[in-house]
Amino acid sequence: AMVSVKRERSIELDDEDEVPAKTSRGEDTEDRRSRHCPYLDTINRSVLDFDFEKLCSVSLSHINVYACLICGKYFQGRGLKSHAYTHSVQFAHHVFLNLHTLKFYCLPDNYEIIDSSLEDITYVLKPTFTTQHIASLDKQGKLYRAYDGTTYLPGIVGLNNIKANDYANVVLQALSNVPPLRNYFLQEDNYKDIRRPPGDIMFLLVQRFGELMRKLWNPRNFKAHVSPHEMLQAVVLCSKKKFQITKQGDAVDFLSWFLNALHGALGGTRKKSSCITKVFQGSMRIFSKKLPHPDLPAEEKEALLQKEEYQEKMDESPFLYLTLDLPTAPLYKDEKEQLIIPQVPLFNILGKFNGSTEKEYKTYKENFLKRFQLTKLPPYLIFCIKRFTKNNFFVEKNPTIVNFPITNVDLREYLTEEAQATVKKTTYDLVANVVHDGKPSEGSYRIHVLHHGTGKWYELQDLQVTDILPQMITLSEAYIQIWKRREADDDTNNHTGA
């Protein structure tokens with residue numbers, strides 16, 4: 001029993017405890033070895049992958065994890081008999097990186113390696129962005145070459161589909177394409193001092209999302225794609241398994257949960273704003289009136305309509321996205337027996353927010369008539385197009401195509417008169433378009449994003465990245481869209497070729 005206790009102790013020792021105390025005589029040799037490690041040319045950068053959970057491949061512990069830079073595996077500890085030590089002796093792999101402290105060590109000799117040629121490895125593990133670098137991200141379209149030889153545009157980077165997580169990937173890609181949100185998360189200083197109550201796991205989402213943004217925009221990557229593994233593990237944990245990696249989810253449900261969870265984790269409340277609400281939150285007026293039960297006799301209905309509770313009420317309500325309803329799709333066939341998929345202009349479905357269109361809402365017990373009008377437009381406006389309806393037995397999908405211009409959508413007419421008088425900027429350009437293909441319960445997701453630096457559009461589907469003509473974007477079954485408000489100094493002919 002003594003031996004196992006001692007062994008555990010050696011594995012869990014901190015770095016400081018593990019480094020043998022230097023004697024005054026040994027200092028030079030220690031230093032010389034540190035700067036002239038003979039094993040640096042055994043490092044294999046093509047096997048290094050820091051996108052996965054930082055845990056030891058033997059003990060599955062998160063404590064003191066080292067990456068072997070020769071085979072890419074993770075091991076715990078570096079003291080005598082630790083997993084990393086054993087691995088170094090067994091396989092003659094000598095160079096290790098502490099994934100937490102970012103220090104390099106030579107094992108089994110156990111000295112720290114100091115060499116500037118290793119900086120590219122620490123940068124891939126933990127990319128950092130200066131304010132100047134962030135300011136230039138959307139001003140240039142320079143291609144970068146990854147270590148594996150592929151060229152890529154930072155930000156336009158594929159995400160692994162581990163099993164069935166493309167519904168989350170497209171939302172993460174879309175959000176990474178919203179500059180103020182991206183810029184906030186690229187610099188950890190913006191949120192590292194936010195105080196959370198003890199035991200609050202939700203802040204993990206903030207940290208992981210920041211790490212993912214930095215990987216997606218890293219100009220010095222080893223490969224031109226990223227695995228969202230750690231981000232998604234945080235999602236599974238923080239959503240109490242509502243969202244899974246192994247089971248297809250709904251992108252709108254995920255978007256709604258994720259934005260609200262980030263807002264709360266950043267210390268936001270109903271009253272207190274966060275970077276999420278500053279970017280996406282608008283507000284609207286909701287006018288609703290209760291309807292008498294349709295089966296009641298006419299005179300009873302008349303009497304009820306006079307009552308206080310049946311009069312129209314108005315509420316002011318914030319929103320992070322607007323749900324646009326599609327007209328029921330009449331699927332008819334043409335003379336060649338081909339199914340004709342109906343189309344609807346975007347402005348028709350935006351009519352829901354013109355203040356006069358009434359829509360009936362049924363709850364379990366009561367019916368309401370509601371109409372909506374916008375009072376405040378956010379810098380970035382999210383539309384969710386309601387394609388799915390659940391009835392008792394199954395989910396149905398509406399395949400209606402929405403025709404929309406890619407630039408220059410003016411939303412002024414959906415604002416209240418007071419807002420119209422004061423708001424100057426009401427024109428929006430599309431920056432991200434999430435598409436759902438296939439059957440409701442299975443199906444797959446892809447996304448179109450505008451690269452701000454080049455003005456070109458790209459389609460991303462898991463690891464595939466291809467360029468796409470803007471006019472092709474409107475032919476797909478759009479499900480989520482993010483629109484950017486045009487600021488006064490924006491280029492009016494926004495170079496999107498549309």
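Predicted model: local features only at pLDDT ≥ 70, side-chain atom pairs only at ≥ 80, totals over all residues.
Residues are numbered from 1 along each chain as its sequence is written, and side-chain values use heavy atoms, with hydrogens and water left out.

Of its 498 residues, 49% count as buried, where buried stands for under 20% relative accessible area, exposed for over 50%, and partly exposed for values in between, using a 1.4 Å probe and protein chains only. Contact is taken as heavy atoms within 4.5 Å. Among contacts between residues at least 6 apart in sequence, 67% join residues at least 24 apart.

We can turn next to the helices. Two packed helices are described by the angle between their axes and the distance between the axes. Here the axes are lines fitted to C-alpha atoms, for helices over the stretch in contact, and angles run from 0 to 180 degrees between N-to-C directions. Angles under 35 degrees count as roughly parallel, over 145 as roughly antiparallel, 65 to 115 as roughly perpendicular, and the rest as oblique.

Helix α7 (residues 166–176) meets helix α11 (residues 251–265) with axes that come within 9 Å and cross at roughly 55°, so α7 and α11 are oblique to each other. On the α7 side the contact is made by Y167, A168, V170, V171, L172 and L175, and on the α11 side by A251, F254, L255, F258 and L259. By class, these residues comprise 11 nonpolar, no polar and no charged; Ala, Val, Leu, Ile, Met, Phe, Trp, Tyr, Cys and Pro count as nonpolar, Asp, Glu, Lys and Arg as charged, and the others, Gly among them, as polar.

Helix α7 also packs with α9, at an angle of about 70° and with the axes 11 Å apart; the two are therefore roughly perpendicular. L172, Q173, L175 and S176 of α7 make this contact with F209, L212, M213 and L216 of α9, a set of six nonpolar, two polar and no charged residues.

Helix α9 (residues 203–216) has a further partner in α8 (residues 179–186), the axes coming within 8 Å and crossing at roughly 105°. This pair is therefore roughly perpendicular too. L181, F185 and L186 contribute from α8, and V206, F209, G210, M213 and R214 from α9, giving six nonpolar, one polar and one charged residues.

N183 belongs to helix α8 and is partly exposed, at 23% relative accessibility. Its side chain is joined to that of R182 by a polar contact of 2.9 Å. A polar contact is a pair of N or O atoms within 3.5 Å; within protein, one must be able to donate a hydrogen and the other to accept it, and residues adjacent in sequence count only if both atoms are side-chain atoms. Not counting residues up to four places away in sequence, N183 touches I134 and N190. N183 and I134 lie 49 residues apart in sequence, with 6.6 Å between their C-alpha atoms.

Among the strands, β17 (residues 367–376) includes T375, which is buried at 15% relative accessible area. The T375 side chain makes polar contacts with the side chains of S283, at 2.6 Å, and E316, at 2.7 Å. Beyond its neighbours within four places in sequence, T375 is in contact with S283, M284, R285, E316, L415, T416 and A419.

Most residues other than glycine have a negative phi, and most peptide bonds are trans. The L107 to P108 bond is cis, with omega near 5°, and P108 sits in the loop between β4 (104–106) and β5 (111–113). N64, in the loop between α3 (27–35) and β1 (65–68), has a positive phi of about 50° and is buried at 14% relative accessibility. D462, whose phi is near 55°, occupies the loop between β25 (456–461) and β26 (464–468) and counts as partly exposed at 23%.

Notes
Helix = DSSP H or I, 4+ residues; strand = E, 2+ residues; numbered from the N terminus.
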